[in-house]
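Hi,

Here is the structure I promised to pass on. My notes on it follow below.

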Amino acid sequence: ILAHHAVSLGDTLASELGMVSSTRDPVLATAPWRHVPVGTNGGISAGGTLWSLVGGLLIGALTVAMDALSGVSPLRFVAVTLYGGLCGLGGSWLDSILGATLQVTYYDKDTKLVYHERPTSSSSSSSSLSSVEHVCGRPILTIEQVNLVSVAITAGVGGWIIAPLFFGFS
């Protein structure tokens, strides 16, 4: 459960706050030498990466706090917090890789807008679609489906593989 919430908050903070906290254009998760427009599926930045870690750490720390407030014997604060941070960061990176490969992104150079499906003449305020370029990905998954897959994988790996390493159970 902690892994699920850590990746959810980590990815949300990375996406929303990463766009406004980074001073440089993001790079593509699958091609880190390639700068992409802000809002590109699979685009990562230093600010976004930091926010994904903060989101996971926050979920870990809040889990310990809620356990203490509810009378449950609190788990080890450092281990739980670091576990949350790792799941938030790792899950957010997984989400970026899936977004860069399985979710399509287009960019209109005239309007400087990012699209998550190929714009049509009626959906684009641009007079010409010749300025629209394919940035990355394939139209296989939607943003919701990418989120679902990355959360499910992170929760599974987090619960069955990473948690035993952190907490010593099998």
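Predicted model: local features only at pLDDT ≥ 70, side-chain atom pairs only at ≥ 80, totals over all residues.

Which residues in helix 1 meet which residues in helix 4? Ala 3, His 4, Val 7, Ser 8 and Asp 11 are the ones in helix 1, and in helix 4 they meet Asn 147, Val 151, Thr 154, Ala 155 and Gly 158 (contact means heavy atoms within 4.5 Å).

Residues are numbered from 1 along each chain as its sequence is written, and side-chain values use heavy atoms, with hydrogens and water left out.

Back to the helices (DSSP runs of H or I, at least four residues; strands are E, at least two; both numbered from the N terminus). The axes of helix 1 (residues 2-21) and helix 4 (residues 143-167) come within 8 Å and cross at roughly 140° (lines fitted to C-alpha atoms over the stretch in contact, angles from 0 to 180 degrees between N-to-C directions).

There is also 1 salt bridge (a side-chain nitrogen of Lys or Arg within 4 Å of a carboxyl oxygen of Asp or Glu). Lys 109 pairs with Glu 133, with the closest N and O atoms 3.7 Å apart. Lys 109 sits in the loop between strand 4 (105-108) and strand 5 (113-115), and Glu 133 is in strand 6 (residues 132-136), 24 residues apart.

Cheers
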